[in-house]
Amino acid sequence: MYLNIIFVFVILVYGTNSFSPESVRLVGGSGLCSGRVEVKSNQSWASVCEADFDRQDAEVVCRDVGCGAPAALQGGLYGEGEGQTWDKEFQCKGKESLLLDCDTSDRENNTCLPGNAVGLTCSEPDDVRLVGGGSRCAGGVEWYDQGEWRTVGADDWNQRDVAVVVCRQLGCGSTVSVLPGNTTRGFGVYCDGSESSLRECSRSYHLRPGLTVICSDLLVQPDIFLTDPMGGVFRGHQGPEMFRGYNFTITCSTLPQYPGGSFLLTFTGSNRTQTQPAVNHSAAFLFPAADDSHQGNYSCVYDNYVFSHNFSSESELLSLTITASPLPAFIIRHVVVLLILLTAITTSYLYYKPTRRQKRVNRVSSMDLYVNAMEMVSLSSRAEAGPGEERAAQGTE
């Protein structure tokens, strides 16, 4: 009885929001980490106006709902709320754990225009991973819980549904297979397969058999690029352009992930394909002489057989344009170079010629000044010697 009295007293003093298990939520989005921001106020939910919300407030909300960093913040992004509008402006510093831990102030404007209910998209937290499979899309399921990575387990009848959610949350496509894990000491998770992340599933800390999940997007996306040994390729507005008659090479490569495999080079718009085995995780396709039939879009498809299944991954498109003979461009380029050299030589000549002339004039002027100075010294000496000495000097001369 005394405990009940104390509990009621604390609620009356501090209010109910501080003890609400859910004080902020994201509504109308695709999952727990996106939607319209709503705050619980007096046992009802209120939308937050965009003018009362900033990036630091968004960081706290994403943390409060258990998601990653804010990815998008925009008014009207997830529609308008049907209820009231939150009448305070948040003053979060960005480090608070809960939105209701932030300071608030009275709103400067009591109206919130239509379309300004703030919508927020948070990134999915990195709290689930697959380990031991050589890829982020294959391996034993682990969940970051209470400061450590723990093995996820599930009953046999529910393993497939759990695997579907894991592949969806990691952005790894669909589930290919579910295998028994290496441990029986996983904490239990129960999913129906429709959840966007494991956080939406039920869980318990009763030990269940661990599970290994293999998703369809197992291989990383390969790269495709074009090279030529003769300088016949240049960058155009729509992508690389190749001169007719020049040879070129299209190279497919992928990150070191699994040994073996092969690359299939496809040419969009035709049935032309070439296949080569992957050597050091790459393959080079040589074209001896470019002509109009080589113009179009190319892509690399990397195939590999791992985990008893065939997997493939396709690169981005490489758009190649074939242009006329490079001879006119070659001539123009060399004429431009010659004109630049001629201009530089002419400029240097015009600059250094008057400089040399000026140096000669300076040398003549300096000599004249020297002679005049010597004559002035001589005259001054005669004037100071007096008439007798001057005559004696003349006689000596």
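Me: What do buried, exposed and partly exposed stand for?
Reply: Buried residues have under 20% relative accessible area, exposed ones over 50%, and partly exposed ones lie in between, using a 1.4 Å probe and protein chains only. The areas come from the Shrake-Rupley method with a 1.4 Å probe; for residues, only the protein chains shown count as cover.

Me: What kind of model is this?
Reply: This is a predicted model, in which local features need pLDDT of at least 70 and side-chain atom pairs count only at pLDDT 80 or more, while totals for chains, interfaces and linings use all residues. Residues are numbered from 1 along each chain as its sequence is written, and side-chain values use heavy atoms, with hydrogens and water left out.

Me: What is the mean pLDDT of the protein chain?
Reply: The mean is 77, and 74% of the residues reach 70 or more. pLDDT is the predictor's confidence in each residue, from 0 to 100.

Me: Which elements have the lowest and highest mean pLDDT?
Reply: Helix 1 (residues 2-14) has the lowest, at 36, and strand 19 (residues 262-267) has the highest, at 95. Over residues 1-21 the pLDDT is below 50, and this stretch has 11 contacts in the model beyond near neighbours in sequence. Contact means heavy atoms within 4.5 Å. For residues 387-397, pLDDT also stays under 50, and the model has one contact there beyond four places in sequence. Where pLDDT is low, the predicted coordinates should not be read in detail.

Me: How many helices and strands does the protein chain have?
Reply: The chain has five helices and 24 strands. These are DSSP runs numbered from the N terminus: H or I over at least four residues for helices, E over at least two for strands. Of the 397 residues, 36% count as buried.

Me: Which residues of helix 2 are buried?
Reply: In helix 2 (residues 55-64) they are Asp 57, Ala 58, Val 60, Val 61, Cys 62 and Asp 64. Their cover includes strand 1 (24-28), strand 4 (70-75), strand 5 (88-91) and strand 7 (118-122).

Me: What caps the N-terminal end of helix 2?
Reply: Asp 54 does, with a side-chain oxygen 3.3 Å from the backbone nitrogen of Gln 56. Just after helix 2, Gly 66 has a positive phi of about 85°.

Me: Which residues touch the most other members in the largest nonpolar core?
Reply: In this core of 29 residues they are Met 242, Phe 248, Ile 250, Leu 265 and Tyr 298. Strand 22 gives the most to this core, with four residues. A nonpolar core is a set of buried Ala, Val, Leu, Ile, Met, Phe, Trp, Tyr and Cys residues joined through side-chain atoms within 4.5 Å. Beyond four places in sequence, the contacts of Ile 250 include Ile 224, Leu 265, Phe 285, Tyr 298 and Leu 318. A second, separate core of 22 residues includes Leu 130, Cys 167, Cys 172 and Val 213.

Me: How do strand 8 and strand 9 run?
Reply: Strand 8 (residues 128-135) and strand 9 (residues 138-145) run antiparallel and are joined by six bridges. Strands pair if DSSP finds at least two bridges between them. The two strands form a hairpin with two residues between them, and Gly 132 stands opposite Gly 139 in strand 9.

Me: Is Glu 142 buried or exposed?
Reply: Glu 142 counts as buried because its relative accessible area is 15%. Glu 142 lies in strand 9, and a polar contact of 2.8 Å joins its side chain to that of Arg 129. A polar contact is a pair of N or O atoms within 3.5 Å; within protein, one must be able to donate a hydrogen and the other to accept it, and residues adjacent in sequence count only if both atoms are side-chain atoms.

Me: Where is Phe 307?
Reply: Phe 307 is in the loop between strand 22 and strand 23 (309-314). Its phi is near 55°, a positive value in a residue other than glycine. Most residues other than glycine have a negative phi.

Me: Why is Phe 307 classed as partly exposed?
Reply: Phe 307 falls in that class because its relative accessible area is 36%.
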